[in-house]
Protein chains: 4
Amino acid sequence: MTTLSPANSADHRYVLTLGCPDTTGIVAKISSFLADIGGWIVEAAYHSDPDTGWFFTRQAVRADSVSVTVEQLRERFAAEVVAGLGSDTEWRVSDSAVPKKTVLLVSKEGHCLGDLLGRSYRGELPAEINAVIGNHRDLEDFSTRMGVPFHHIPFGTDKAGAFEELRELVDSHNPDAVVLARFMQIVPEDLCEHWAGKAINIHHSFLPSFIGARPYHQAFKRGVKLIGATCHYVTGELDAGPIIEQDVIRVDHSDTVADMVRQGRDIEKLVLARGLRWHLEDRVLVHGQKTVVFS
Amino acid sequence: MTTLSPANSADHRYVLTLGCPDTTGIVAKISSFLADIGGWIVEAAYHSDPDTGWFFTRQAVRADSVSVTVEQLRERFAAEVVAGLGSDTEWRVSDSAVPKKTVLLVSKEGHCLGDLLGRSYRGELPAEINAVIGNHRDLEDFSTRMGVPFHHIPFGTDKAGAFEELRELVDSHNPDAVVLARFMQIVPEDLCEHWAGKAINIHHSFLPSFIGARPYHQAFKRGVKLIGATCHYVTGELDAGPIIEQDVIRVDHSDTVADMVRQGRDIEKLVLARGLRWHLEDRVLVHGQKTVVFS
Amino acid sequence: MTTLSPANSADHRYVLTLGCPDTTGIVAKISSFLADIGGWIVEAAYHSDPDTGWFFTRQAVRADSVSVTVEQLRERFAAEVVAGLGSDTEWRVSDSAVPKKTVLLVSKEGHCLGDLLGRSYRGELPAEINAVIGNHRDLEDFSTRMGVPFHHIPFGTDKAGAFEELRELVDSHNPDAVVLARFMQIVPEDLCEHWAGKAINIHHSFLPSFIGARPYHQAFKRGVKLIGATCHYVTGELDAGPIIEQDVIRVDHSDTVADMVRQGRDIEKLVLARGLRWHLEDRVLVHGQKTVVFS
Amino acid sequence: MTTLSPANSADHRYVLTLGCPDTTGIVAKISSFLADIGGWIVEAAYHSDPDTGWFFTRQAVRADSVSVTVEQLRERFAAEVVAGLGSDTEWRVSDSAVPKKTVLLVSKEGHCLGDLLGRSYRGELPAEINAVIGNHRDLEDFSTRMGVPFHHIPFGTDKAGAFEELRELVDSHNPDAVVLARFMQIVPEDLCEHWAGKAINIHHSFLPSFIGARPYHQAFKRGVKLIGATCHYVTGELDAGPIIEQDVIRVDHSDTVADMVRQGRDIEKLVLARGLRWHLEDRVLVHGQKTVVFS
């Protein structure tokens, strides 16, 4: 299992993300701080939300441009910038050289799993995929061929017990992302809360249309001219979590449900891969029911 | 007001559309009939719907290739083809040299009106626009500048009376299409039935998401990453009629509701213009709650 | 002719754009300056180009948040920020309350003209359209109906003389944008230089494919599956200036050249309208043969 | 290695494709023939090209609806339909139950290979992938993991010898498709002719833009706002063969060449997978330098 690692020091970055109540002077504060430590900013994005009065930013600096360690950067950022902002400020400093850990939850459909393991195998995902967990054994052979441990947890009559086992197994990897890659079980509310901001689902419709089961059948019945897929954070309310990414493809009257299922797979794979990548690169900031995505 | 007319006889066409219960041999019947009368087929499209067991076709033949008038074509087609098909067969033969008539219903938002009148002025629409009817006077000046009669029907306290006046005025033009070009009134069920298959609406969302009022506000609140527009036939159930065309554009966290309204206009205009064109060219066959569009 | 004006003071903005050799601390300098004058930043975008070593930014501040006039802002920004940057720094401060002036050059095809005059009529373009100049009279009637003065300059045998007349007429309006809205004449090199950074063309292909005449015929002959349009700054080299915006639509084997021409119009209109809007809102920064577009 | 096989007799089809000089009555002839043998047509597509005067059709009938074998169908179709058409008529009858054979040619980049082997593994491709042949060993491990034989043919100093070896190895599989899945060698003209209509390439640009080497570098330098991929038949002229499919994705000033390479991979995979599928399902008819794609 290969993972992306900085080919050289120029690719090694520290990434700061921050969300706080908006006020004048925040950008000046942050940029002055970064200038002080000699930070060479390679990406900087800002967003002021007039609707919520909230300010968001993401800054990526070359690690070799600053004279401090990532721990020192965190401490100084907390003391010199965050301390002067609102008490409900949310922030984070991450180090691109520390690989993110990911666990995939699957059922029988293998296209999203195949896509993610392929990307990971080729070093295209900024993550290690530590485990695949399935409620069926259908995808064990593929996972094993790709060198990723597969765990089978049957979801039969004792669903609560199965979810307890799932929680322990997932948590044992301390993952940065828990990906529901066409995992066909509805996650209980307390587990949603436990994995809040980490659990990512791919739903095979353009949400909020066609929530729940068999969305392609619903789309076929309604006669829509585009079908889509949605990557979103998992919350207690089914298919209603903050949306990270969506996309659509064109269908027409000649497409059967089977055609939609087949064509939809490609858009599901792409939307999930993009959403997961942005999550792993700290490009997604959640606020309430919505996301800011600095792609 | 210019309308598209065949530049020469090569562009003059007879268009046959037909929907009936599927069975083997229908294509042979139709194509043999057309071959018999010497018909030079310039467009032919077929669709068999395995779900409903229904068959649909649209055929366009060069008018100058057949030895019969359009009336004779209708009679012979009825006798030689349709008579041998199921009794609930729906069909139609139209003549591209007879311009279609269109009436536009508007309110205050002028972008769809402006787009359609512009296309009509430049001879890009296969239709005459006979009248613009508004429940406000905001778009009177523009319509008049473009040479199309504007009628004002206020929808104040006596809505029923206003709809009665609207019905009479529209029907006086005997239109092939009644276009709700951002007409902000909900058409009563009996009028929907009266104009069934003729009344076309543009809704500013990707249906079935965000039905009803202020869809861009709903989209903003939900945090979707694409916004869309839907052109559909008007039926008694709000925003639930058969969909003719849909399209979307990408938005992100930096787009306010006002940005969505602005960018959405462009997609509304395009989707309506495409849907209306297909309707006018007999490319849309309705069956139940869905359409077959031979675009 | 209506133009967009700030509905209220909250929409009145000062916009700073700047491009200079990249170095650490620029963002800090600019944001500290803006914080000093109390500037409420409503939009901020940055780009560091590793390829050219150039830095670009665009900042929009609420005019009512700063205690200075736009002239004072320019002076102080020059003295307090620009003076400390490289001598080849390019910058500009503009005031959203001062309407931009635009002149349109046309020939016989009216779809781009119709689209822009319609947007302007409805107050959707951040510009005044001061004049339409055509080498044919075909679009005079439409321009006049829309209340915009039309000027006819015949481009017969004395092309040099016609371009001289065109230059004088255009320059008399001192425009911020000179839009070649399907103007079918090749502008001489000296005039391209004279209007550098202001003259915007719409080319009906996905450049760099199908440069020059009859691009839809070229596209048809090559059998491409998508056709496009490109909005770019005009330079001395034909269809080779910095690209502002491009888009495409799908075609297939059933589309004739006439179909491509018809469908292409819609994408030409959209691409030109987007490109022009971004230019007028100071969202486009040119560097060498490329653009940075802070859309 | 799984391959798609008809799940039941309803999915077993005979597919007829035909191209010939256009004349009236062809559709009648074909459909009467199919009606005579009791053929239940599940898909029927026609195209008359006014430019070349050529007629194209593809018909899919349920195998269980006809009383003849596929060989008898071929004989009777030849005698009863084709014999009455022009002598340069090109036609073919294929049986969906006979799996198509495919050979993949690769170099070092594994994303297209990974995508195709993944689809094949999951039974999503209507083909057997019989062999992967690489001019480097980089993709041997992956192919082997997926259970597909990998052959290494070094293309060092003796290119002619290597191509001779390649030809023999490929031909030993008698493939229906030879896919250049980011194979970085230019195939000699005689081999292009030998594999005419079977060899399919994926080029990582929106052709005809950026022919030849390093198209993403060319796209970056030109500053285009969309990048694309093109799937086409291989002919003697580099990157100039008949185009099967193309698609694009949006990029902007912030995308480096490396970003384009990364994002471009996704569009390359999709475009190749779609093009190959259509080829394998006999949906692509080539005429001169162009294709008719009955997708």
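The contact between chain B and chain D takes 15 residues from chain B and 15 residues from chain D, where contact means heavy atoms within 4.5 Å. The model is predicted, so local features need pLDDT of at least 70 and side-chain atom pairs count only at pLDDT 80 or more, while totals for chains, interfaces and linings use all residues. Residues are numbered from 1 along each chain as its sequence is written, chains are lettered from A in the order in which they are written, and side-chain values use heavy atoms, with hydrogens and water left out.

The size of an interface is often given as the accessible area lost when the parts come together. Chain B and chain D bury about 1000 Å² between them, with 64% of it on carbon and sulfur atoms; buried area is the accessible area (1.4 Å probe) that two parts lose on being put together, summed over both. Between these chains the rule finds 0 salt bridges, a salt bridge being a side-chain nitrogen of Lys or Arg within 4 Å of a carboxyl oxygen of Asp or Glu. The count of residue pairs in polar contact between chain B and chain D is 2, both residues being at pLDDT 80 or more. A polar contact is a pair of N or O atoms within 3.5 Å; within protein, one must be able to donate a hydrogen and the other to accept it, and residues adjacent in sequence count only if both atoms are side-chain atoms.

On the side of chain B that touches chain D, two or more residues come from each of helix 1 (26–36) and strand 2 (41–49) of chain B. Helix 1 of chain B gives the most, with 5 residues. Helices (H or I, at least four residues) and strands (E, at least two) are DSSP runs, numbered from the N terminus.

Superposition is by least squares on the C-alpha atoms of residues with pLDDT of at least 70 in both copies.

Between chain A and chain B, 35 residues of chain A are in contact with 35 residues of chain B. The area buried between these two chains is about 2900 Å², of which carbon and sulfur atoms give 57%. R222(A), K225(A) and H253(A) supply 25% of the area that chain A buries against chain B, more than any other three residues. The rule finds 4 salt bridges across the interface of chain A and chain B. The side chains of E245(B) and R250(A) meet in a salt bridge, at 3.1 Å from N to O. Residue pairs in polar contact across the interface of chain A and chain B number 21, both residues being at pLDDT 80 or more. Helix 7 (215–222), strand 11 (243–250) and strand 13 (290–293) of chain A are the elements that give two or more residues to the side touching chain B. Strand 11 of chain A gives the most, with 7 residues.

Chain A can be laid on chain B with an RMSD of 0.0 Å by a turn of 180 degrees and a shift of 0.0 Å along the axis. Of the residues of chain A, S209(A) comes closest to the rotation axis, its C-alpha at 2.6 Å.
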